[in-house]
Amino acid sequence: MFKIESDTRRLKHDVLTRVAELAYQGKLNSETIDEIPFEIIPGRQPHFRCCVYKEREIIHQRVRLAMGKMPNGMQPTTAAVTVIPAACEGCPIQRYTVTENCQKCLAKKCMAACPFGAISMSGRGAWIDPNKCRECGRCAAACPYNAIADLVRPCRKACPVGAIEIGDEKLADIDQEKCISCGACMQACPFGAISDRAQILPIIEDMRAGRHLVAMIAPALEGQFGANVTMGQLRNAVKALGFDAVYEVGLGADAVSMSEAEELLEHLKAGLKMTTSCCPAFVNMIRKHFPRLQPHVSTTVSPMAALSRWLREKYPQHKVVFIGPCVAKKTEEIEGGPDYVLTTEEIVALLDARKIDPEQMEDAEQEASAYGKGFASSGGVTGAVMKAIAEMEGEVPAISAQRCNGAAECKKALQLLQAGKFDLDFIEGMACEGGCMYGPANMLSERLYTQARKKLLSQADDRGVVQNARDQGFDKIHMHR
């Protein structure tokens, strides 16, 4: 039902959907699992790779990820994203490559510069032996014609913290000591060779066993199903999967805005600077790469954690499921947090598996303020916090804020803060450019999604941030880590 525009996303979706269908039917076993690659890649002719057998092996590994397992041969890990070796083998890039600009010059400066003897001269020009090359880059620097191109792999180029390494077997490897689980590598890989592990199976098993579950939907999903599907319709569609109730995470964002507003005012009085804490990848960046800045991080929990705690008060016997576009949410461990995390890709697969069309569902009342819904976009957190301060104080004091749009801007601001050269009061950190709206597991094209979301948010009422949170009893919920 959901229009998918790329082959990498289509294959992942088809695998997730088929695994979900079999799980709902109680037919997911070793025999049906082995049949999935043949159902998705039928016949003898390859569709995307060198041979159909390689394609089916990749699908087989994707099935394991859909079931929450690691690809064959990979060590168990708690990481949010992992590499599929069979798919990564298809990446053709050798980092340093001689282009047609090579003039076969007499000086042969590239050969002289290489300490590993990896370059030889042929009738067609210089040639780099991939078995000898150590990617030091001296040849590219020495060439007077700039004839040697430095082609960094897309995953490595996208990683904001240098967590992607290329091993001796030319496969990508993720250094978990550096990885912040932002999912940028997953988005960037044109072969779909980096992916996250799904949590759809335990949720389906709980539903089949008659256990009670309650779900919450991140603000970033408003617009993901087009301009004709409201958040209320989406909540009812998710409820139709078997959840007892479904809420907007934007309601938790209202509560976070109130709490962070109070916390920011306290920091200002003490002459301290503060960063937001709603983006888990941004928090991971501070924890792993700027540990000295931990005291500056807001102690307020994320909207996901805030709403999860509220739901546990309201539904003490239920398991809690978060649904959003963020892969890093799968690494956010906090007391009272959700039991499971589903991405946009995974909830679309579940809806398709059950043939539930959100556009055909009845609407439901708005729960979050427009500012809580706005948490999904870059600058939205700052706007909501300032709105909460205005509602509590009657006016907003002179507060200067840096809205960091993407991991690169986050990193720059944190470097300045660590060096004592950051002059502003408040840092809003969003690891994804544009905010959660463009998270790695969202599916609709940016253009269509942006248009749909703008239309839907224009229909939101003007309820206050603080009053909305208090009306729902969030002033009685513990909001800190």
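What volume does the largest cavity have? I looked it up and got about 200 Å³.

**Ground rules.** I'm working with a predicted model, where local features need pLDDT of at least 70, side-chain atom pairs count only at pLDDT 80 or more, and totals for chains, interfaces and linings use all residues. Residues are numbered from 1 along each chain as its sequence is written, and side-chain values use heavy atoms, with hydrogens and water left out.

**Cavities.** I took a cavity as a set of points, on a 1 Å grid over the protein atoms alone, where a 1.4 Å probe fits but cannot get out. Volume is the space filled by probe spheres set on the points, which are joined across faces, edges and corners. My search of the whole structure turned up eight cavities of 30 Å³ or more. Around the largest one I found 17 lining residues (an atom within 4 Å of a point). Ala218, Pro219, Cys278, Lys329 and Cys436 lie nearest its centre. By class, the lining has 16 nonpolar residues, no polar ones and one charged. Here Ala, Val, Leu, Ile, Met, Phe, Trp, Tyr, Cys and Pro count as nonpolar, Asp, Glu, Lys and Arg as charged, and the others, Gly among them, as polar.

**Helix pair.** Next I checked α11 (residues 249-269) against α16 (residues 380-393). Helices are DSSP runs (H or I, at least four residues), numbered from the N terminus. Their axes, lines fitted to C-alpha atoms over the stretch in contact, come within 8 Å and cross at roughly 75 degrees (angles run from 0 to 180 degrees between N-to-C directions). That makes α11 roughly perpendicular to α16, a label for 65 to 115 degrees. Contact (heavy atoms within 4.5 Å) involves residues including Met258 and Leu265 of α11 and Ile389 of α16. I noted 11 nonpolar, one polar and three charged residues there.

Notes. On a 1 Å grid over the protein atoms alone, a cavity is a set of points where a 1.4 Å probe fits but cannot get out, and a pocket is an open set with protein on both sides within 12 Å along at least five of seven lines; lining residues have an atom within 4 Å of a point. Helices (H or I, at least four residues) and strands (E, at least two) are DSSP runs, numbered from the N terminus. Angles under 35 degrees count as roughly parallel, over 145 as roughly antiparallel, 65 to 115 as roughly perpendicular and the rest as oblique.
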